[in-house]
Amino acid sequence: MFDTLSDRLERIAGRLRSRGRLNDADLDEALREIRTALLEADVELGVVRSFTESVRARCSDEVLSKSLTPGQQVVKAVHEELVEVLGGEPLKITYASKPPTVVLLAGLQGSGKTTTSAKLALWWKQQGRHPLLVAADLQRPAAVEQLKVLGEQAGVTVFSQAGDPVSVAAAGVEEARRIGRDLCVIDTAGRLAIDAELMDEVRRISQVTSPHYTFLVVDAMTGQDAVATATAFHETLALDGVIVTKLDGDARGGAALSVKGVVGRPIVFASTGEKLGDFDLFHPDRMADRILGMGDVLTLIEQAERTMDRDVVERSAGRMMEGRFTLEDFLEQLQQVKKLGSLGGIMKLLPGMSKDLRQAADQIDDREIGRVEAMIRSMTAEERLNPTVIDGSRRTRIARGSGTTTQDVNQLLKQFREMQKMMKGLGAGGALPGMPAMGGGRLGGLLGGRRSLPDLSSLGGAGSDGDLAALMGEIGGSSGGLEALGVGVGAGRPTAGGAKTSRSGGKKKKKGGRVTPPKRR
Amino acid sequence: MTAVLIIVSVLLLVLVVGAAYATVTRARRRTFEEEAEETAAAGRGGARTAVKEAPPPVAAPEEAPPEAAPAPEEAAPPTGPPRLAERLGKTRGLIAGYLGKVRSRGSVDAATWDDLEEALLRADVGVATTQALLEDLRSRVVSRELSGPDEVLLALRGDLVALLSEPGERHHEHLAVPADLAEEAALDEGEGEVHHHLHHGETTGRELRFDDEPGVTNVWLFVGVNGVGKTTTIGKVARQQVADGRSVLLAAGDTFRAAAGEQLARWGDRVGAEIVRGAEGGDPSAIVFDAVQRASARGNDLVLADTAGRLHTKVNLIEELKKIRRVAERPPGRVTEVLLVLDAVTGQNGLVQAQQFTEAVGVTGVVLTKLDGTAKGGVVVAIQRELGLPVKLVGLGEGPDDLVPFDPEEFVDALIG
């Protein structure tokens, strides 16, 4: 429904003249597209303006890269600027010398404060701390009950009492002190920023509890209003940070950029699901990918989860990399993939696919899959396991059995062999012929020398798609590799394809060779 | 040639998906197990179950008697419904500013369009709809049909009202809906089947549908993502229906969220409606089914069914919702409204939500909540324009009376001042 920024820039890429530098006219065009993409992502208008100006400044002095198209270069600049704005100085949480450290959560109704309070408490508990939850939302029916249930699930005590929110909050902090807790997380009622009375109430809560950290909880699907709300809360409470919730949806999350841009406080945590464990530190690069609409891996994985047999798929991926992937396996996988629906349609969902690959994906005739399938089915088990035994007469038999020609069978076998080699090469972490970006890039680094499926937890948990997107970007960008296999990808642009493959220079391995996953709970 | 592409695609796909999948699902499974352990330890069976079993046979929820309120705790009769205009007065400031500028300039120039664009975008109307609206106005200025900022503003207002109108609704200014705006086909982008799609012009109207047929139990299903205000809205709707003399039964179909049943029960007490609840973690379909049975047996006119908030991206939860609707539809039940509750603060994702939920369970109308805040809720323009889905109700606060019918003119006045 909404075009990704990459789509938009690809469209005008032809018109971005290739000169020594990105000139103003080029930039203006590109920036218009950026503006639209960001607005569609719900970034607030004022923030979009200042942001595009920063991008302009970043771009206008850059010399046009030889390996990136102007469009790609602009995307890169936007991405970098996004990461910088979203990131910046991370919040370093320091704990009070005289416990408890008091944490206050505030925000609009329905933003996720109560669930987030419990998640925060659990997060700290898992770090060995001893939090107390304070149920100071006396407005919403059964809010206190909700927190109690969550507290129980998290194994964290919940303090509640009758009265008014201000006195309850104060009493809660006092209780935390009394029973020797080092953290006190206060949940408050949702309130509108323009509700003077309730804003005054939360100000008073803040006064009596003297929080060390005040976090604004923001729903990732918030639209243009994010700025007005955040500004008002910031003026009232002097926020220390922001927590973005419901990132497990597909809202692009521009509100995060808006709030950060306007309030200037770091986004500290990201909430990525309804379960208490769906909570992690915020990753600016993943958010940047999301805002730019790079990749819909989550949908893909969900779909896959629903339809594919996970064990089969996992095993196959592992075997693929060890070079033990056979035609039998391939047939099995084909069945799995078919369940996902149109192969071309699925390919489009993979992030970072270059326009060429996506066009090619469009050209995949799903009936072709039937023919490939038929050919493999016409083989005996032995032939599938060991295709080298397939001589001329067998080929003829297979061709006849599947209603294809011997040339088709030849081609299938040849290409499959090539792919096998390539996959094995991936597994060994080496550079691959014609696909330098794949071997030398992130994937190669990840796989360096492993024999089994690597720990890809650095690619993120349920709520992230950034690293994976970048990964696919590398894979997708190497259409030159496909060229080597004789695939005419993107009619009439072989040189462009060739130029792309030199991007990473072919030999560059990721620094360090391995990617250490972030600490998993 | 394509064979290669297929091979490449499949292998890449499997590799990528399989690997990411392994990580993701392992993480999820781990959390699920942790959760299951904790809740088991706490003596509850509260972990969320995916729709993995076959639908259970007609099972009565564990608590047999519904929790009837002998008398509502707050016996206060409903006060008059708040008018949209009053509540929105204080938020007009920002956008009215742009339009004031437009008027004051005295002529229509580039700055006019900039200001108008800004006003619309800030109201979450969205890029596509904004562009369509402004292009139309621009062409009418060029053709001299409109001259001067006042006429442009009037035309804009008229266009917006027309876009939000249901066929047959009368308004003060009878401006024809510009052809290209009205003809927008909705989901013809080849994105798959839409089962319950409403085309512009074939909408169900703004009234809440209630079938008076004997032997039929009307069910109004409330759906939406997390945190939008479904439960609160049900409380308000129940209040109004009770005031209109209907007998209402609430179905606590949110069996996932901690204390959700409790929350709805409190609303039931407040507004004078009985409730059917089940155990947390139970099957929501069973509860809805039981509510329909009970309503039929006891002669309740209407079942208002709450459901758990769910993101449309979660396939298994959407499947669960589909099942809830199917079950609710079993005679004597008849689902006469599927109301998508949408938070006014939502940006463009609102359109995606509307599309996805409509595709899944056939949404009949939107309830736009929290419009008493600073958010304008402009995304409903796109929702009506592209999906033909009308806003039926507007929520304006957390109290039982804070619900009004949607009026396009009032809404547009508040939208663009």
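Let's start at one spot in chain B: Val223(B) stands opposite Leu340(B), which sits in strand 5 of that chain. Keep in mind that you're looking at a predicted model. Val223(B) belongs to strand 1 of chain B, which covers residues 217-223. This strand pairs with strand 5 (residues 333-343) of chain B in the parallel sense, over seven bridges.

Strand 1 of chain B has another partner too. It pairs with strand 4 (residues 302-305) of chain B, again in the parallel sense, this time over four bridges. If you want a spot to look for, find Trp220(B), which stands opposite Leu304(B) in strand 4 of chain B. What holds paired strands together? Strands of a sheet pair through backbone hydrogen bonds, either parallel or antiparallel.

Now look at where the side chains go. In a regular strand they alternate between the two faces of the sheet. In strand 1 of chain B, Thr217(B), Val219(B), Leu221(B) and Val223(B) point one way, while Asn218(B), Trp220(B) and Phe222(B) point the other way. Are these residues buried or exposed? On both sides, all are buried, and strand 1 of chain B is mostly covered, with seven of its seven residues buried. Helix 12 (residues 349-361) of chain B lies across strand 1 and strand 5 of chain B, and it runs at about 165° to strand 5 of chain B.

In chain B, eight strands form an open sheet in the order 3-2-4-1-5-6-7-8, with mixed pairing. Its edge strands are strand 3 (274-276) and strand 8 (403-405) of chain B, each pairing on one side only. Ignoring direction, neighbouring strands of this sheet are turned by 25° against each other on average. Out at strand 8 of chain B, three bridges join it to strand 7 (residues 391-395) of chain B, and these two run antiparallel. There, Val394(B) has Val404(B) as its bridge partner.

Let's hop over to chain A. Its secondary structure comes to 25 helices and eight strands, and buried residues make up 58% of its 521 residues. Take two of the helices: the axes of helix 9 (residues 226-237) and helix 10 (residues 254-263) of chain A come within 9 Å and cross at roughly 40°. That's why helix 9 and helix 10 of chain A are oblique to each other. The contact includes Ala230(A) and His234(A) of helix 9 of chain A, and Ser258(A) and Val262(A) of helix 10 of chain A. The residues of this contact divide into seven nonpolar, three polar and no charged.

Terms used:
Residues are numbered from 1 along each chain as its sequence is written. Chains are lettered from A and ligands numbered from 1 in the order in which they are written. This is a predicted model: local features need pLDDT of at least 70, side-chain atom pairs count only at pLDDT 80 or more; totals for chains, interfaces and linings use all residues. Side-chain values use heavy atoms; hydrogens and water are left out. Axes are lines fitted to C-alpha atoms, for helices over the stretch in contact, and angles run from 0 to 180 degrees between N-to-C directions. Angles under 35 degrees count as roughly parallel, over 145 as roughly antiparallel, 65 to 115 as roughly perpendicular and the rest as oblique. Contact means heavy atoms within 4.5 Å. Ala, Val, Leu, Ile, Met, Phe, Trp, Tyr, Cys and Pro count as nonpolar, Asp, Glu, Lys and Arg as charged, and the others, Gly among them, as polar. Buried means under 20% relative accessible area, exposed over 50%, partly exposed in between (1.4 Å probe, protein chains only). Two strands pair if DSSP finds at least two bridges between them.
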